[in-house]
Amino acid sequence: MSITKEQIMESLKKVLYFPKGSNVVDLDMVDRLTIEGNKVSLALVYPQANDKNAHIVKDAAERTLKADLGESIELFIDTMSEQEAGRGPLGKVKNIIAIASGKGGVGKSTVASNLAIALAKTGAKVGLLDADIYGPSMPVMFGLNGERPGAKEENGKTKILPIEKYGIKMLSIGFFIEENKALMWRGSMASNALNQLFNDADWGELDFMVLDLPPGTGDIHLTLVQSVPVTGAVIVTTPQNVALADVRKAADMFKNDSIKVPLLGVVENMSYFSPEDCPDKKYHIFGQGGGQLVANEVGAELLGNIPIVEAIAETGDRGVPIALDDSTATAKTFNEIAKKIIRNVDKRNVEQAATRIVQIDPNASCSTN
Ligand SMILES: Nc1ncnc2c1ncn2[C@@H]1O[C@H](COP(=O)(O)OP(=O)(O)OP(=O)(O)O)[C@@H](O)[C@H]1O
Ligand SMILES: [Mg+2]
C-alpha cells in the first residue's frame, strides 16, 4: 500500500512544537512534502533560524512517522527558517549581510552605506537596516535626518514603510527616537525595537539586506544573529595590529556553533592616507598588511582596502555617500567589493543547496539527517 499525504499529516499532528503549544501541522510548519514509494521528504519550517527545538521536533517527527507508517519508510527531514522557506516578514529577502567589527569607529557604517549603494548599482534590489540601536548613523549618512517613515495597514496589522533613497529601502531606529535617547534603553527594549524593524516593516522583495551592526560582540549581536537568518558577515577592520584580538572575537561569534554565519570577507578601512590633490600617493600611517593578516587569521578573503580620504567623511556627513560618484577611486573600490560579496554569497548559496540535494539523494544509504 502506498503512503499518502493524508497519512503523513495525520501522523505529524502528534508532533508538538512546545514554544507555541500546538502541533506542527496546525502551526503550518510542514513544507515541501514529497512522497516517492516509501521515500518521504519534507521540511519543518521554524519562525527563526537556528531554532533550539529543531532537533527535538525532528527526532519526534521521525519516531512518530516510523511508528505510524512502519520502519521501512525512508525519511528525509530538512529544517529551515521561514525566510529560507520564502515565508514570513523577511520571506522575500534573499540575502542578509551583516557588517560587523570588533572595535567601534572603524568605519562599519561608512562601509555599510557605500556597499548598499554599490550593490544597488549592479541592479540588485537592496535594503539597509541600521541595527546600531545605541548610535544610529544612517539617517545622517543618507541625508534623512528628521525624516519619519510612513505606515500602512495590512490584514489588521500596522506595517512600517522603509524610506527609499538612492534606490535603497532604509530603516533606522534613528527615525523613531530623539538623538542620544537610545543610550538609555535597556537590552530587551533595544532587541524589541530591532525586531520590529525586521518583522513589522514592509521590506518586500530584496536581493540584499545590508545590516549595519553596532560595534562589539554584545548581547544585541547574539540576539540578532540568532533571530534573523543572516546569510553572511563582512568584518571591517583597520590596519593596526591591536585590532586583531577584537576582530578574532567578532569572527568567533559568527563561527559559534549555535550561530554558524559564514564570513563573506574582510574589508580593511583607513588602509592608508591619500591626499585629495595627489591620489596616487599612499601614506601607510597605521602600518601595512593588517587587513590581510586579519583575513588569514579568520580564514576569509580580504575584499578590499579603503584609504583615508577626506571626501569619504565629508560625503558621509553630507548624506551623499561617495559610492554614488563613480568618477572617484573609492566608488570603484566599493564596486569591486560589492562584486566579490555577490560572488561569495552565490558560492555560499550553491554550497548550501548542494547539502540539501545530498540530503534527499535517493541513493543515499542513510535515511535521515
Ligand atoms: N576611509 C575613511 N576615510 C575618511 N574618513 C572615514 C573613513 N572611514 C570612516 N571615516 C569616518 O570615520 C568616522 C567613523 O566611521 P563610521 O561611523 O563609519 O564607523 P563605525 O565603525 O560605524 O562607528 P561605530 O562603531 O560608532 O558605529 C566617520 O566620521 C566617518 O566619516
Ligand atoms: Mg556605525
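These legends describe close-up views of a predicted model, in which local features need pLDDT of at least 70, side-chain atom pairs count only at pLDDT 80 or more, and totals for chains, interfaces and linings use all residues. Residues are numbered from 1 along each chain as its sequence is written, chains are lettered from A and ligands numbered from 1 in the order in which they are written, and side-chain values use heavy atoms, with hydrogens and water left out.

**View 1. The largest pocket of the model, between domain 1 and domain 2.** The largest pocket has a volume of about 1,600 Å³; a pocket is an open set of points on a 1 Å grid over the protein atoms alone, with protein on both sides within 12 Å along at least five of seven lines, and its lining residues have an atom within 4 Å of a point. Volumes are the space filled by probe spheres set on the points, which are joined across faces, edges and corners. Of the 50 lining residues, Ala49, Asn50, Thr79, Glu84 and Gln352 are the closest to the centre of the pocket. Because domain 1 (5-86) and domain 2 (93-346) both give residues to this lining, the pocket lies between them, the domain bounds coming from an automatic or database domain assignment.

**View 2. Ligand 1 and its surrounding shell.** Ligand 1 is surrounded by 18 residues, of which Gly105, Lys108, Ser109, Thr110 and Pro307 are the closest; a residue is counted if one of its heavy atoms lies within 4 Å of the ligand. Among the polar contacts (pairs of N or O atoms within 3.5 Å), a backbone N or O atom of Gly105 lies 2.8 Å from an oxygen atom of ligand 1, and a polar backbone atom of Val106 is 3.1 Å from an oxygen atom of the ligand. A nitrogen atom of ligand 1 lies 3.2 Å from a backbone N or O atom of Val309. Taken alone, ligand 1 exposes 630 Å², and the protein buries 77% of that, with accessible areas taken from the Shrake-Rupley method with a 1.4 Å probe.

**View 3. The largest cavity and its lining residues.** A search of the whole structure finds 1 cavity of 30 Å³ or more, a cavity being a set of grid points where a 1.4 Å probe fits but cannot get out. About 70 Å³ of space lies in the largest cavity, which is lined by Ser191, Leu194, Asn195, Phe198, Ile220, Thr223, Leu224 and Ser227.

Conventions: Polar contact = N/O pair within 3.5 Å; in protein donor to acceptor, adjacent residues only side chain to side chain.
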